[in-house]
Amino acid sequence: MILRKALVSLALGSTLLATVGTLAPAAQAAPVAPATSTAVAVPMDSCPCNPPAGIGWNYIDNYFWHDDCDAAGRRNLNTGRWTEYQCTGGGVFSNYELWVR
């Protein structure tokens, strides 16, 4: 899993560097206006993308390993903090998301 994340990061970094390298001469030729947008770069898996079916589910956090997601869900299920949990998502380009109700 760690190797998978490293390879994805390496591939994205190489693509970004190639894009920046081709844009640099054009950026120097013309003055650039200050940015007025409030958009912020968001890291991968910072928002929930795999909600479970049905209503009443709340997103808690994401986890790289399914075992960590499952352990967090079970731990708070046993304390009575919530009545159900699901670990959704997970795969080559996404982490596991903990959803509870």
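This is a predicted model: local features need pLDDT of at least 70, side-chain atom pairs count only at pLDDT 80 or more; totals for chains, interfaces and linings use all residues.
**Entry 1: helix α2**

Next I asked which residues of α2 are buried. My list reads Cys-69, Asp-70, Ala-72, Gly-73 and Asn-76.

Turning to the face away from the buried side, I noted the exposed residues Asp-67, Arg-75 and Asn-78. Just past the end of α2, Gly-80 has a positive phi of about 85°.

**Entry 2: what covers the helix**

I then looked at what lies over the buried residues of α2. The cover includes three strands: β1 (58-63), β2 (85-89) and β3 (96-100).

**Entry 3: the disulfide**

How many disulfides does the model hold? I count 1. Cys-69 and Cys-87 are the partners, with 2.2 Å from S to S; the cut-off for a disulfide is 2.5 Å, so this pair qualifies. The link ties distant parts of the chain together, since Cys-69 belongs to helix α2 and Cys-87 to strand β2, 18 residues apart. For handedness I checked the angle about the S-S bond, which is -105°, making the link of Cys-69 and Cys-87 left-handed.

Is Cys-69 buried or exposed? Its relative accessible area is 0%, and buried means under 20%, so Cys-69 counts as buried.

I finished with β3, where 5 of its 5 residues are buried. Tyr-96, Leu-98 and Val-100 point one way from β3, while Glu-97 and Trp-99 point the other way. Both sets are buried.

Which strands pair with β3? I found β1 running antiparallel to β3, joined by 5 bridges, and β2 pairing with β3 in the antiparallel sense, also over 5 bridges. For landmarks, I marked Asp-61 opposite Leu-98 of β3, and Tyr-85 with Val-100 of β3 as its bridge partner.

Last, I checked the hairpin of β2 and β3, which has 6 residues between the strands. There, Gly-90 takes a positive phi near 85°.

Terms used:
Residues are numbered from 1 along each chain as its sequence is written. Side-chain values use heavy atoms; hydrogens and water are left out. Buried means under 20% relative accessible area, exposed over 50%, partly exposed in between (1.4 Å probe, protein chains only). Helices (H or I, at least four residues) and strands (E, at least two) are DSSP runs, numbered from the N terminus. Contact means heavy atoms within 4.5 Å. Two strands pair if DSSP finds at least two bridges between them.
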